[in-house]
Amino acid sequence: MTDAPKTTMVQELNAALADAMEADPKVVLLGEDIADPEKGGITGVTRGLSTRFGDKRCRSTPIAEQAIVGAAIGASMMGYKVVAEVMLMNFTAVAMDMIVNHAAKLRFMSGGQTSVPIVIRMMTGAGFGTAGQHADYLEGWFAHTAGLKVVAASSPEDGYGLLRACIDDPDPCIFIENMPTYRVPGPAPDRSKRISLGKARVTRPGTDVTIVSYARTALESLAAAEALEQEGISVEVVDLRTISPWDRETVLASAAKTGRVLVAHESVRNFGPGGEIAATVSEALFGKLRAPVRRIGAPTSAVPFSKALETAYLVAKPQIETAVRDLVQGKTDAKSGLVEA
């Protein structure tokens with residue numbers, strides 16, 4: 001008996017782009033250094049695509065995020081499906097006018113006559129010493145903006161399926177790639193199957209506590225759930241996959257079953273996506289929960305460069321385990337949801 005084939009996020013994102021370009025000649029890629037046939041950008045996601053499809057469909061651009069996104073919007077209005085790479089999530093700040101005031105609003109402002117089928121790929125994530133201007137999780141910015149879909153995969157399988165879904169979508173999608181997940185091996189996907197945006201996945205069933213998470217923190221949540229099982233605590237893990245629109249039905253069904261909910265994400269806890277999820281669960285299940293909904297996220301700080309401080313900053317398995325134990329034991333200290341506490 002042989003093990004199931006393994007793959008990585010980088011391999012599956014590359015395959016998703018290649019398959020989409022093969023299926024539709026209107027799919028084009030824009031971004032810094034992405035047409036380098038050997039490197040394929042700084043992480044190798046687009047390796048070989050310019051050789052296979054030509055450098056007019058896989059096109060390197062100047063270091064100009066506003067121009068990258070602006071060109072993508074213009075091309076999409078002329079019938080193309082553009083995947084624009086803004087190398088790092090922090091760099092989207094340079095192009096926020098294009099993203100928020102143009103891509104997100106053109107369908108609304110044209111009375112539904114003009115769609116903007118672009119995907120803006122970006123990577124982020126702490127853990128590599130890239131510090132404050134290269135590793136922030138800013139998904140809350142985009143989730144707050146009407147007209148944008150916000151997606152974050154945690155596995156190679158979901159990476160492939162979600163990126164294909166974003167490319168097929170008629171509206172602008174923010175596709176977040178978490179750097180620590182790039183090389184984590186996982187089962188190869190069935191590429192004939194499609195993943196719907198806005199649908200969460202229960203990656204581990206449980207009865208005592210629900211953890212709602214996404215991207216790298218979803219993997220940390222799974223590891224915490226496995227460890228807590230040895231203590232007799234049964235944890236259900238819900239991987240959102242799509243942050244906006246998020247799957248309320250799946251989250252509420254899990255919360256109603258377990259009666260306890262922890263929302264865990266890498267982004268700053270204050271004003272983060274966890275607040276929206278916690279409020280919705282509390283409103284919908286008021287009086288039915290066995291404990292207040294708890295959130296855990298990063299402290300209100302730039303990502304530290306110091307390895308020791310960066311490690312303390314991250315939401316990881318130990319902090320998640322502690323928060324779950326507190327929920328089960330009925331502790332209600334709000335500060336326990338903060339990494340620094």
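Among residue classes, Ala, Val, Leu, Ile, Met, Phe, Trp, Tyr, Cys and Pro count as nonpolar, Asp, Glu, Lys and Arg as charged, and the others, Gly among them, as polar. By these classes, the lining of the second largest pocket has eight nonpolar, four polar and five charged residues. The model is predicted: local features need pLDDT of at least 70 and side-chain atom pairs count only at pLDDT 80 or more, while totals for chains, interfaces and linings use all residues. Residues are numbered from 1 along each chain as its sequence is written, and side-chain values use heavy atoms, with hydrogens and water left out.

**Domains**

- The domain assignment divides the protein chain into domain 1 (6–187) and domain 2 (201–330); such bounds come from an automatic or database domain assignment.
- Between the C-alpha centres of domain 1 and domain 2 the distance is 27 Å.
- In domain 1, 29 residues are in contact with 23 residues of domain 2, where contact means heavy atoms within 4.5 Å.

**The largest pocket**

- A pocket is defined on a 1 Å grid over the protein atoms alone, as an open set of points where a 1.4 Å probe fits, with protein on both sides within 12 Å along at least five of seven lines; lining residues have an atom within 4 Å of a point.
- The largest pocket holds about 520 Å³ of space, a volume being the space filled by probe spheres set on the points, with grid points joined across faces, edges and corners.
- Its lining consists of 27 residues, and Gly140, Trp141, Phe271, Gly272 and Pro273 lie nearest the centre.
- At least two lining residues come from each of helix H6 (139–143), strand S12 (242–244), strand S13 (261–268) and helix H10 (273–284); helices (H or I, at least four residues) and strands (E, at least two) are DSSP runs, numbered from the N terminus.
- The lining of the largest pocket comprises 15 nonpolar, eight polar and four charged residues.
- Domain 1 and domain 2 each provide at least three residues of this lining.

**The second largest pocket**

- The volume of the second largest pocket is about 290 Å³.
- Of the 17 residues that line the second largest pocket, Ser154, Ser155, Thr203, Leu219 and Leu222 lie nearest its centre.
- Several elements each supply at least two residues of this lining, among them helix H7 (156–168), helix H8 (215–229) and strand S11 (235–239).
- The second largest pocket lies between domain 1 and domain 2, because both give residues to its lining.

**Salt bridges**

- The structure holds 23 salt bridges, each a side-chain nitrogen of Lys or Arg within 4 Å of a carboxyl oxygen of Asp or Glu.
- Asp24 and Lys81 form a salt bridge with an N to O distance of 3.5 Å. Asp24 lies in the loop between helix H1 (9–23) and strand S2 (27–31) and Lys81 in strand S4 (residues 81–88), 57 residues apart.
- Lys81 is partly exposed, at 25% relative accessibility; buried means under 20% relative accessible area, exposed over 50% and partly exposed in between (1.4 Å probe, protein chains only).
- In the salt bridge of Asp169 with Lys149, the closest N and O atoms are 3.2 Å apart. Asp169 is in the loop between H7 and strand S7 (173–178), and Lys149 is in strand S6 (residues 149–152).
- Asp169 is buried, with a relative accessible area of 13%.
- Arg107, Lys149, Asp169 and Asp171 are joined in a network of salt bridges.
- Glu266 and Arg216 form a salt bridge in which the closest N and O atoms are 3.0 Å apart. Because Glu266 lies in strand S13 and Arg216 in helix H8, the pair ties together parts that are 50 residues apart in sequence.
- Glu266 and Arg216 are both buried.
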